[in-house]
Structures are given as C-alpha cells and as structure tokens.
Amino acid sequence: MIRCLIIEDDPVTVHLLSTLIEADGNTCVVSNSPKEATEHYVSGSFDCALCPYDLGKESGIDVVRAIKAWDPALSVIIVTSVQDRDVIKQSFREGAIDFLSKPVSAPALHAAIEAAEAKTKQQRNYIETEVSLRRARETNAIFSNLVPKEISKYTKVAFLPYHEVGGDFFKIVPLENDIFAFVIGDVSGHDLRSALIAAYFQGLLHGTTEKDKCIMKTLEALNDLLYAEWERNNRDAFNSVMSSVSVNVLTLDLSQRLMSISAAGFPPPMWIDSDGSITKPTLNSPPVGWQVPLEMANCKADIAHTSAIFTATDGLDDIAQNLDIDACAVTSHLFLKDRIGKDIMRDDLLCLQIVLDDVSPMPLIHQRYSGAQHGEVDVLQKFWRRSLEFALDVRSEALDNALLCCREAVLNAIKHGCKCEANAVVTLDVSYYPSTRTVRMRVSDPGPGFSYDVHAQRTEVIDKGHLNKSFDDHLSFGLIIIDSLAAHYHFERNGATIVVDCQC
Amino acid sequence: MRVDQVAAIVTALKVEAEKLTVLPLEASGKAAVSEIQRLVEQLAKQMAIVDVPRFDKAALTQLTDGQPGMITDLVQFFCDKVPGQIAELSAAIQAKNYETIRHLAHKIKGSAASYGAKKLQQIMFILEQAAANQQMDSVTAQFSVASEEFQFFCAELKNWMASQ
C-alpha cells in the first residue's frame with residue numbers, strides 16, 4: 001500500500017487523483033497547500049506526494065521546495081497540463097522526480113507512484129545511513145578523546161577523520177602506578193564494520209585489562225577471531241571480506257623512564273630527545289588477523305632523555321607520501337598548527353603525542369642517506385624545503401640559510417664521513433624548538449671525525465683572502481658557510497656529528 | 001459556411017493585416033492598424049477552438065483504464081463541480097480580478113484535459129493567457145463561449161456514457 005499526499009486546491013483534480021489512487025488499494029490524504037500539509041502531518045508519513053504546477057499563489061516549484069524542506073526523502077510528482085520544457089527542468093532541479101501531463105491515465109499514474117515510493121524508500125535508507133555514519137564518526141571522535149585524568153597532562157591527541165566512518169582508535173590502559181599502555185590502532189576499511197570491530201576491540205581491551213592487565217592476551221584473542229573469520233569466508237567466497245587491525249602498543253614506565261613497544265602492521269612510533277635526535281625503530285610485522293599465532297615486532301627503549309613520543313595511524317604517512325615530504329613534518333604541523341587541510345588527506349588520521357618534557361622539540365625530518373647519494377643533494381634539498389615549509393608554514397631568508405647549512409653538513413658527511421661509499425649511512429635529524437624558534441639539524445656519519453679549527457680557517461680564507469689548498473676541500477668550504485650562516489653549531493663524537501642551530 | 005472556408009478567410013485577413021503595418025500612417029492610423037491586427041488574432045484563436053474536437057473519448061477511456069463504474073463516478077463529479085467553478089470565474093471577471101481568473105481558468109483547463117474536453121481545454125487555455133495579459137475583452141469573449149461549451153460537452157459526455 002502506497003501512502004500518497006495530494007497537495008491540490010482543485011476539487012475535480014483531487015477527486016480524480018484520489019479515485020485512481022484508491023482504486024489500486026493505495027491511500028491518500030489531501031491538503032490545500034504545503035503549509036497545511038506540513039502543519040497537519042508528520043514528516044515521513046508518506047511514500048509520495050503529488051502536486052500541480054500552479055497552486056494559485058504558490059507555484060509548483062515553491063511546493064516542491066516546501067515539501068523537500070519538510071521531508072527531504074519524499075518523492076514529488078508534478079501533475080499538470082503545462083508543457084513547458086523550462087518548467088519541467090526547473091521542477092527536476094528542485095527535486096521533483098516525475099512530471100505527469102494531463103490527461104493522466106490510470107496506468108501512467110500507477111507506474112509513477114510506484115516508482116516514487118521506491119525512490120522515497122531508497123532516499124530514506126540513504127539518509128538513515130548518512131545519519132548513522134555521522135553518529136558513528138562522532139562517537140569514534142569521542143572515544144578517541146578519552147584520556148585518563150592521571151595521564152592527561154602527558155597526552156595530546158589529534159584525530160582527523162577523512163571518511164564518514166572508520167576504524168582508527170586509541171586507548172590508554174593504566175597498568176600499575178606510573179605505568180601506562182598506550183594502544184593505537186586502525187581496523188582495515190572505512191565503514192560501519194570497521195567501526196564496529198574497533199569498538200569491539202576497545203571493549204574487549206577494557207574488560208580484559210581490568211582483570212589481568214595483559215594486553216597481549218586481548219590481541220591474541222582478536223587475532224584468532226579475525227583469522228578464523230577470514231578462513232571461514234575465504235573457503236567458499238570469492239569476494240571474501242577480511243578485516244585486520246594494525247596496532248602499536250607503547251608501554252611506558254614514567255618513573256623509570258623506560259618504554260617497550262609491540263607493533264603489528266603499523267608505521268612504528270618515533271621519539272625525540274631533548275637534544276633533537278630522533279629515533280624511529282624498524283619494526284616489521286603483519287597486522288593482527290593475518291596469521292596464527294600472532295607475531296608482533298618488539299623493542300625496548302631507554303627514554304631518560306626523551307622529550308616526546310609520537311605514534312600515528314597510517315593516514316599520516318599517506319599525507320607525507322602525497323606531498324612528498326617527511327612524515328615528521330606532518331606530525332609537527334598537526335600539533336603546532338592544530339589542523340590539516342582535508343584536501344591533502346587520503347585517510348583518517350589519528351596521532352598521539354606523549355609529552356615527557358615541558359619544553360619539547362618537534363621533529364621535522366628524520367632521514368638516512370647512503371654515501372652513494374652525493375649526486376642527489378639538490379633533490380634532497382628540495383625535499384627538506386617542502387618538509388620545513390609545510391611543518392612551520394614559513395618561507396624566509398632564515399629558512400634558506402638553514403637549508404644551505406643542512407646541505408653543506410650532509411654533503412660533508414657523505415663525502416668525508418662516508419667517503420661516498422654506498423654501504424655507509426648518514427643520518428639527518430631536523431627538529432624545531434618552538435620557544436626559541438630554532439631549527440636544529442643533527443648530521444651524523446660513520447667516519448672517525450676530524451680535528452679542525454673552522455673559525456680560524458674562515459678568518460684565513462674569507463677575511464684575509466688567503467686561498468690555499470684547503471679551500472678546494474669541500475670540508476673546509478662547507479664548514480665556513482655553516483660558520484657564517486648558523487646561529488650556533490658544535491661537534492660531537494670527535495666531529496662525526498655536527499649540530500647546527502638556525503633561527504627561523 | 002464550412003470551418004475550413006472560415007479558416008482560409010482568417011488566414012487571408014492575417015496576411016492583409018500584415019501589409020497594413022508597412023504603410024506610412026499617422027499615429028491614429030497606426031493605432032487603427034494595431035486594433036485590426038488584434039481583432040484578426042482573436043479571430044484566429046476562435047478558429048483554433050472551432051477546429052478542435054469537442055470530446056476526446058480515447059483520453060477518457062484511458063483515464064480509468066477502461067473501468068466503466070469508475071468513469072460514471074468521475075464524470076458525475078466533473079459535471080457537478082465545474083459549473084460552480086465557472087460561476088466563480090464569472091464573479092472574478094465581474095471583479096476584474098485577473099489573477100483569480102487566470103488561476104481558475106488554469107484549473108478548469110487541467111480538469112478538462114483529464115476528461116477529454118478538448119475544446120473546453122483550448123478555450124480555458126486562451127482565457128488563461130488573456131487573463132495573464134490583462135486583456136479583458138478577450139477574457140469576456142472566451143468566457144461567453146466557455147459556459148456554453150461546457151454544457152455541450154456534458155451533454156455529449158452523458159450521451160456517450162449512455163451508449164456504453
């Protein structure tokens with residue numbers, strides 16, 4: 001039975017339409033105007049609406065607008081003797097789904113209201129799904145901001161959903177006094193199924209850790225469940241649906257300053273020390289749900305000098321790849337600027353910052369270069385520029401100077417520390433100290449270092465104009481540039497590490 | 001005189017009226033020509049009505065998908081209700097309320113179309129346009145034939161019903 005609303009002030013047309021509609025076993029109610037209809041009936045009461053093109057003071061277009069504002073899903077059919085192409089076009093633009101010309105035949109009317117009912121149902125389902133997805137996303141956002149009070153001063157959360165709904169989540173589990181587990185995860189897919197699994201996992205985690213404080217047991221249970229589901233689906237379905245969960249578990253002993261990491265399928269966490277050195281361990285293991293038994297990559301770290309720890313879902317790496325910049329730069333931008341444009345996102349993004357020092361540097365670049373990359377320095381410099389400009393949202397001469405210092409320090413390390421050998425590796429860490437607006441570059445190579453009075457050399461070459469053999473040597477020339485442009489620099493490890501500070 | 005002969009005369013009159021417009025006339029002469037053209041146009045519209053069949057039986061049969069019981073009810077309702085609307089139309093014409101005239105003519109036109117009253121539909125179409133353009137003499141002229149046309153249509157409709 002189709003429930004029709006007829007908005008019409010002509011009794012002859014009303015009688016005709018209601019007779020034809022009711023003859024098919026459907027029902028109808030009549031209103032003289034959309035105002036009367038919206039005042040007397042509840043939105044969602046009808047499967048289709050029929051209205052004329054001309055309702056005296058109101059045009060059919062006005063009627064369509066009023067009905068759509070009242071019940072956006074309700075399909076509207078215009079019944080008229082006006083055969084104007086522009087009128088028809090405008091009616092469709094406003095949301096009418098059909099246009100019946102008088103004389104209306106019973107079969108044509110019947111077909112039109114059946115199609116309208118189907119369209120209304122489809123629209124109602126669509127709107128319902130949209131609302132559910134929005135609510136799920138809002139709920140996910142609430143979950144992702146749940147931080148226990150005792151740890152809230154240490155924790156900053158950035159949750160930027162890209163899809164309507166997804167499976168990014170995080171949970172902090174208090175284990176003992178001053179020991180907390182930070183669990184960040186992402187269920188594959190971006191639908192209600194992903195959100196449901198994420199919610200289920202969080203509930204499971206909450207329940208089991210309340211009892212025995214063993215997160216690994218929970219992960220193993222989830223792994224078994226997802227793997228069994230995959231096996232069952234994969235046996236007899238070509239298009240099997242498989243869910244997996246990438247997860248990082250960071251267990252922090254805040255009093256002993258120790259951290260253990262268990263990772264499955266995610267980009268590993270990274271941490272930055274107060275001197276600007278950045279650590280990003282290599283942890284490779286498949287996500288939860290891929291194999292039985294569960295194998296997670298593990299490592300331990302002394303975080304005595306660590307200022308901040310960061311862990312994020314893979315949406316962060318997606319942005320970095322999309323913009324061809326360092327993932328550290330995306331992290332810093334996220335926490336320094338507190339926003340990321342949706343136009344550059346490709347996935348949901350959840351990022352967690354655990355702040356251990358009040359004055360913490362922010363990571364900008366963490367890269368390793370082979371000694372064989374000496375010819376690529378121009379490309380590398382462009383990469384650094386993009387990363388720094390994105391992270392700090394600044395373009396200035398000071399930044400140009402910092403980049404030049406970085407170039408010279410890396411070139412020195414490649415040429416002299418690595419001797420341009422492919423198996424020798426240079427590490428570049430660039431960090432930012434917001435309180436002093438300082439960009440710090442730490443460049444380390446595996447060489448023995450050197451003993452060199454750069455300042456004296458600079459005085460000799462630049463100030464006195466004494467060109468000698470060492471001027472052709474890139475070591476001295478590069479260091480003279482750094483000596484001229486940097487706010488401060490010093491050497492560590494007998495010169496195998498140079499630390500350059502530039503104000504930006 | 002047959003309809004096609006009248007139509008031929010109207011067409012010839014339209015051509016002659018067109019020729020008048022190129023004459024170098026004084027303002028009063030131009031006004032007279034304009035008036036002649038308007039009258040010829042009105043005549044052409046009347047001819048358009050004359051040419052239209054009164055009753056499209058196929059439309060009425062199709063309307064109810066050939067269910068006779070339903071037709072009887074619908075026809076009775078139409079014949080009972082439209083006189084009231086025509087009376088409302090008359091009152092609106094008396095009051096020179098062009099918007100009401102236009103809307104009523106539009107409604108009757110739609111009903112007429114649904115019941116296969118082709119000629120009444122055409123009259124109401126012209127009346128609706130005349131009301132929209134606020135041409136009272138054209139409105140009056142169309143209304144004078146509309147009431148009569150409705151009576152003719154109802155009579156023909158009832159005869160046809162009786163023969164079914």
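Predicted model: local features only at pLDDT ≥ 70, side-chain atom pairs only at ≥ 80, totals over all residues.
Residues are numbered from 1 along each chain as its sequence is written, chains are lettered from A in the order in which they are written, and side-chain values use heavy atoms, with hydrogens and water left out.

**Cysteines**

- With a disulfide taken as a pair of cysteine sulfur atoms within 2.5 Å, the count over all chains is 0.
- A:Cys28 is in no disulfide, its nearest cysteine sulfur being that of A:Cys4 at 6.3 Å; A:Cys28 is buried at a relative accessible area of 15%, where buried means under 20% relative accessible area with a 1.4 Å probe and protein chains only.
- A:Cys405 is likewise in no disulfide, and the nearest cysteine sulfur, which belongs to A:Cys502, is 4.0 Å away; A:Cys405 is also buried, with 0% relative accessibility.

**Strands around E11(A)**

- Strand E11 of chain A (residues 245-253) has 8 of its 9 residues buried; strands here are DSSP runs of E with at least two residues, numbered from the N terminus.
- Strand E10 of chain A (residues 179-187) runs antiparallel to E11(A) and is joined to it by 9 bridges, pairing requiring at least two DSSP bridges between two strands; within this pair, A:Val183 stands opposite A:Val249.
- E11(A) is also joined by 7 bridges to the antiparallel strand E12 of chain A (residues 258-264), with A:Thr251 opposite A:Ser260.
- The hairpin of E11(A) and E12(A) has 4 residues between the strands, and in it A:Arg257 takes a positive phi near 55°.

Conventions. Buried < 20%, exposed > 50% of the residue type's maximum accessible area, 1.4 Å probe, protein only.
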